[in-house]
Amino acid sequence: MITFALRIVNQLVLGKYLKLNIVTAANGVPAFDVAFRAWPIDLDTYFHINNSCYFRTAELSRWRIFPQSNMLSILAKKGAMFLVAEQTIKYMRPIGPFQKYVVRTSMSTTDNKWMNYKHTFKQHPDDVKSDKEPITYAVIDVKAVLKEKTGKTMKPDEFLAICNPLYKDMFTKDDTKAKDI
């Protein structure tokens, strides 16, 4: 728990002081990349990243954008909470010890209620051979909602209207969720 809390603080600090690595995914959807490394604490007995670590790392990549989006101050003012309602993961290849990788995150909204995040775990650009595509290790689809203290759902349109334009522009309105990136 302490290690994860320190990792959150690390992502908030990096998000505050480093420029976000915004990319255009293959399907034209705006996304952002956050680089990570598989540390021994992330590994299971088979010496690859533990299943739960994928979900924690996806959450850390969402924390990275919070400082630049003004999301923390908005949520504090409104007394709102960001709640994950559903997560699904598809594993393709394992990530081994000390291996560098990137989490590419795209965001969309549906039904003016749900905020959808697609986290694609990809091979780090430094490790990709010039004539090859990066390896995809896993894909996580996250369905989240913003709730006020009263239990009322905060609509994404209402939230995005007061967010930093950078964050607002990264959300696509999509009735089919963010596509593979």
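Biologist: Which helix gives the most to the lining of the largest pocket, and with how many residues?

Modeller: H1 contributes the most to that lining. Helices (H or I, at least four residues) and strands (E, at least two) are DSSP runs numbered from the N terminus. A pocket is an open set of points on a 1 Å grid over the protein atoms alone where a 1.4 Å probe fits, with protein on both sides within 12 Å along at least five of seven lines, and lining residues have an atom within 4 Å of a point. The answer is helix H1, with 4 residues.

The model is predicted, with local features needing pLDDT of at least 70 and side-chain atom pairs 80 or more, while totals for chains, interfaces and linings use all residues. Residues are numbered from 1 along each chain as its sequence is written, and side-chain values use heavy atoms, without hydrogens or water.

Biologist: Which residues lie nearest the centre of the largest pocket?

Modeller: Its lining has 15 residues. H1 (2-17), S2 (30-37), H2 and S4 (100-110) each give two or more of the lining residues. Nearest the centre are Gln11, Ala35, Phe36, Arg37 and Trp39.

Biologist: How many residues does H2 give to the lining of the second largest pocket?

Modeller: This pocket is lined by 13 residues, with Glu59, Arg62, Trp63, Phe82 and Val84 nearest its centre. H2, H3 and S3 each supply at least two of the lining residues. The largest share comes from H2: 6 residues.

Biologist: Which residues of H3 are buried?

Modeller: Buried means under 20% relative accessible area and exposed over 50% (1.4 Å probe, protein chains only). On the other side of H3 (71-78), Ala76 and Lys77 are exposed. The buried ones are Met71, Ile74 and Leu75.
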